[in-house]
Amino acid sequence: MSGNITYNIRIDRQVREQADVLYKSMGLSLSSAINLFLTQSIIQGRLPLSEVIAEPAYVDVLLRDAAEIDAAIADGTATVYSTPDEMFAAWERGE
């Protein structure tokens, strides 16, 4: 049977407050969340943090569009403007 110990740690006040609100919304105390984190560290043998960086859903579209623009500039089919004013003037003319 394992017993509990008290361990004092320093946590940034704002981080602690935000984490407390988050974990309470999940029905957990901060102490329970820290115990889960430590237990997962032991099970995984590493920090149990996701290595995936969330990207906005539209990033694939932006990358595709940028590639199309680069290709149009390279093959000379794109209209290239020197200034934003030049571009907006052409837009207003309907070009």
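1. What pattern does the protein follow, read along the sequence? The answer is α-α-α-α. There are four helices and zero strands in the protein. Both kinds of element are DSSP runs numbered from the N terminus: helices are H or I with at least four residues, strands are E with at least two.

2. A quick word on what you're looking at. This is a predicted model, where local features need pLDDT of at least 70, side-chain atom pairs count only at pLDDT 80 or more, and totals for chains, interfaces and linings use all residues. Residues are numbered from 1 along each chain as its sequence is written, and side-chain values use heavy atoms, with hydrogens and water left out.

3. So how confident is the predictor? pLDDT is its confidence in each residue, from 0 to 100. The protein averages 86, and 89% of the residues score at least 70. Confidence in the protein is highest in H2, at a mean of 92, and lowest in helix H3 (residues 59–74), at 84. Keep one rule in mind: where pLDDT is low, the predicted coordinates should not be read in detail.

4. Now for the surface. Accessible areas come from the Shrake-Rupley method with a 1.4 Å probe, and for residues only the protein chains shown count as cover. The protein exposes about 8,900 Å², with carbon and sulfur atoms supplying 57% of that. Of its 95 residues, 7% count as buried. Here buried means under 20% relative accessible area, exposed means over 50%, and partly exposed is in between (1.4 Å probe, protein chains only).

5. Have a look at the nonpolar patch on the surface. Ile 5, Tyr 7, Ile 9, Ile 11, Val 15, Ile 34, Phe 37, Leu 38, Leu 47 and Leu 49 form it, with about 1,000 Å² of accessible area together. Patches take residues with over 30% relative accessible area and no salt bridge; nonpolar side chains (Val, Leu, Ile, Met, Phe, Trp, Tyr) are joined within 5 Å, like charges within 9 Å. Helix H2 (residues 30–44) gives the most to this patch, with three residues. Phe 37 has its place in helix H2, and it counts as partly exposed because its relative accessibility is 35%.

6. A salt bridge is a side-chain nitrogen of Lys or Arg within 4 Å of a carboxyl oxygen of Asp or Glu. Asp 20 bridges to Arg 16, with the closest N and O atoms 3.6 Å apart, and to Lys 24, where that distance is 3.4 Å. Asp 20 and Arg 16 are separated by about one helical turn because they are four residues apart in helix H1; Asp 20 and Lys 24 are likewise four residues apart there. Together, Arg 16, Asp 20 and Lys 24 are linked in a network of salt bridges.

7. Is Asp 20 buried or exposed? Asp 20 is buried, because its relative accessible area is 17%. Arg 16 counts as partly exposed at 39%, whereas Lys 24 counts as exposed at 58%.

8. How many salt bridges does a search of the whole structure find? It finds five. One of them joins the side chains of Arg 64 and Asp 65, at 3.1 Å from N to O. Arg 64 is partly exposed, with a relative accessible area of 45%, and Asp 65 counts as partly exposed at 28%.

9. You can check the length of H3 yourself. The expected span of a helix is 1.5 Å times one less than its number of residues. H3 has 16 residues, so it should span 22 Å, and its end C-alpha atoms are 22 Å apart, which agrees. After H3 comes Gly 76, whose phi is positive, near 80°.

10. Last, the rings. A search of the whole structure finds one aromatic pair. Phe 88 and Trp 91 form this pair, which is tilted, at 5.9 Å centre to centre and 40° between the planes. Rings of Phe, Tyr and Trp (its six-membered ring) pair if their centres lie within 6.5 Å; planes under 30 degrees apart count as stacked, over 60 as edge-to-face and the rest as tilted. Both residues lie in helix H4 (residues 84–92), three residues apart, about one turn of the helix. Phe 88 counts as partly exposed at 37%, while Trp 91 is exposed at 62%.

Terms used: pLDDT is the predictor's confidence in each residue, from 0 to 100.
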